[in-house]
Amino acid sequence: MAGAFDYALAIAVLPFLSFCLAVGVALSGRDLLPKGGALPGIAATGGSLLLSAWVFLTVSGGETYNETFYTWAAGEAATGSLSEPLTLSFGMLLDPLSAMMLLIVSLVALLVHVFSLGYMNDEGETGLPRYYAGLGLFTASMLGFVLADNLLMAFMFFELVGLCSYLLIGFWFRREGPPSAAKKAFLVTRFGDYFFLIGVVAVFATFGTAKFAGEHSFPRIAEHALAGEATVNTFLGLEPAAWFTVIGLLVLGGVIGKSAQFPLHTWLPDAMEGPTPVSALIHAATMVAAGVYLVARMYGFYALSPTALAIIALVGAFTALFAASMGLVKDEIKQVLAYSTISQYGYIMLGLGAGGYVAGTFHLLTHAFFKALLFLGAGSVIIAMHHNEDMWEMGGLKERMPVTYYTFLAGSLALAGIVPFAGFWSKDEVLYEALVHGLGTTSGLGTALLVAYGMGLLAVLFTGFYTFRMVMLTFHGEPRSETAREAAEGGWNVKLPLIVLGILATTVGLVNMTPVADLTGMHDIELLNMWLSGAPESVSVEQYHHLLEEFGGIHAADVPSYLAGGLSLALALVGAGSAYVLYGGADPEPHTEKLGSLRGVLYNNYYQDEYQVWLAENVVLPLSKVADVFDQAVVDGVVNGVSSVSLFGGSRLKRVQDGLVTHYAAMLTLGLTVLLVGFAVYGGWF
Amino acid sequence: MVPVEYYLVLSAAVFSIGLYGLLTRENALFFLMSVELMLNAANINFIAFSAQWGNLTGQTFSLFVMALAAAEVAVGIGIILVLYRNFKDVDVTVPQEMRW
């Protein structure tokens, strides 16, 4: 019987078809598609959503799928101490995690397509087929990434989403900012992907397979190798455990680039030059999630390495705090959201690093919805403000755009982590995992987790503050400009996505209310936990717990979850409340000016861009000049030398052909004689 | 029966005379004759070994070689005629245009 899994491939293929259609129309140069290609895109993502939902239902029935459907290169002999030759293949892994992610991606993609009708079509943009082609290709690649059953396939789609991000950030290529922002995004993420690529090769060289799940998967082989039951190739003279940490950190390079973690976060704020629906889809809800999704996908591997976990947790927590502090002083609404995105992905990394697989995934889920909501809300505001993004020019939009206001408020409450909105439950669980595992683990990892917990907790305060500073400045008080006084809300295509996401941002947190479950003892309301537990054994929550305890030495201390939750809720309320007090008036003052030079540092992003440019100009450039000299002189020198020998030899040798037929006859004879003598000598005639 | 070595010596002598003519003469007609000599030296070899081993293949081949020699002479004479028409001479050292 044909089941959902037989059609799962179509989830990624449908948006690809819409991409092909839009490209075809764009190349034909005629306005063949109504709405500039939006309708095929909506139909395709709608189809993907339906299929994803079907897959989701099938997976919830306890079935999973993990098959290779195309092998494009197969080795003949095994290398080193491996038992099987390498194969490079495409396949699909459909388990609870990927089914959930498919649903998120296709839903957000559909809503963003609808919203684009309002943001792009109704605003009279040109080049729409190009825009929808980009969205279609992006959706297809992201879904392909989620479906991937091995690291190499994941890497290929990882690069494709990076390409789409580049194309869409640079959509308005005639302006000055977007092309340079696109290039920056491409280069910075590519820097991380370089390490990822080495990591992929290392995984193949070490394990001979890059499959994520199943008995013959690389996390499983790594586990057996650490237990002494399997042999793997290791390099650099390292023990398996240390070498696995190295591989984990190499792959983490790609994660840090894509999920905009410190120090490769600098591209994301600039990426806001792209159209706002693109920011919502790519730079908030899905592509940026690809990085952390990858960590979750190969969690069985990271769980084996306490060092890698500690680094993930520390990078995440530091990024959460660091980005939140920069978000405090920004003046443009999308910039605040960009920094909050970086900060929230920091939380997800913290959750995963702290051994909270469910917590990290949960925050990934809730964040996708509320951040997409906030970006689309910001998009709605930007339409009304005629593309002015400065919050000091806004104010008083609450009465003029009620739907946007209330949905945006729901998203903000979720972002700030106020009960009972989505972000509260998930962020709280992340911090709770960091705390209990930090207290319960005795090794250096425990200390690292506690430090990370402290930073995460402080970031909660900042998050509450910048979120409500943004809400107050945008929607409350008196209008501070002419456009703000005359702002008007968009049509149904703007409101519908906002309402859908608003409802989700309010309620999706209810799927895993751990503090409530602890208080009431009703553990069957932790739906997400149960959902992820239903995975096949090699990728299930129980397996990860087992690995964390056995190899990571992670144990949980006994802390009531409502106490930790109450603490972070109190901090969020303090942050939000102080923003309300400072910016709640009719005509708020720019209080952050009082910070003086500190504000300058924060506003200029800790001069991260400057120091990276300095690195590029003063370190990389001289190095590449040296490399260039080496290339020109030595490499090219050898090549040119060899060819000039042939040239010179040829120019001399050609004089043999002098046109005199007698000489040719002599040479023939000479050649025959030489041959005869040669045969005679080597044939042993003498 | 004459031993095969005699034929071989004869053949080698005829071949060497042909080769010597080819390397030393400047007249194209002598060229042609030298080539004929060398071909016939080969023919003698064929016949000699054919008789030695009682195998008719060699004789058959010598017939082929004769036919080939006739064809070669036809082409060679043609070339010599063209040579004469262009250079008013049949000296092979005169035309040197076809070179690097």
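Author: In chain A, helix H18 (residues 422-440) and helix H19 (residues 444-475) pack at an angle of about 150°, with their axes 8 Å apart. This is a predicted model: local features need pLDDT of at least 70, side-chain atom pairs count only at pLDDT 80 or more, and totals for chains, interfaces and linings use all residues. Residues are numbered from 1 along each chain as its sequence is written, while chains are lettered from A and ligands numbered from 1 in the order in which they are written.

Reader: What makes H18(A) roughly antiparallel to H19(A)?

Author: The angle is about 150°. Angles under 35 degrees count as roughly parallel, over 145 as roughly antiparallel, 65 to 115 as roughly perpendicular and the rest as oblique. Therefore H18(A) is roughly antiparallel to H19(A). Angles run from 0 to 180 degrees between N-to-C directions, and axes are lines fitted to C-alpha atoms, for helices over the stretch in contact.

Reader: Which residues of H18(A) and H19(A) make the contact?

Author: H18(A) gives A:Leu431, A:Ala434, A:Leu435, A:His437 and A:Gly438. From H19(A) come, among them, A:Gly446, A:Leu449 and A:Tyr453. Two residues are in contact if their C-beta atoms, placed from the backbone, lie within 7 Å. By class, this contact has eight nonpolar, four polar and no charged residues. Ala, Val, Leu, Ile, Met, Phe, Trp, Tyr, Cys and Pro count as nonpolar, Asp, Glu, Lys and Arg as charged, and the others, Gly among them, as polar.

Reader: Why are H1(A) and H2(A) called roughly antiparallel?

Author: The axes of H1 (residues 4-28) and H2 (residues 38-60) of chain A come within 9 Å and cross at roughly 165°. H1(A) and H2(A) are therefore roughly antiparallel to each other. Their contact divides into 16 nonpolar, seven polar and no charged residues.

Reader: How do you know how compact chain A is?

Author: Its radius of gyration, taken over C-alpha atoms, is set against the globule rule: 2.2 Å times the number of residues to the power 0.38. Chain A has 28 helices and two strands. Its radius is 29 Å, close to the 26 Å that the rule gives for 686 residues, so chain A is as compact as a globular protein of that length. Helices (H or I, at least four residues) and strands (E, at least two) are DSSP runs, numbered from the N terminus.

Reader: How many residues of chain B and chain A take part in their contact?

Author: The contact takes 10 from chain B and 11 from chain A. The chain B side has six nonpolar, two polar and two charged residues.
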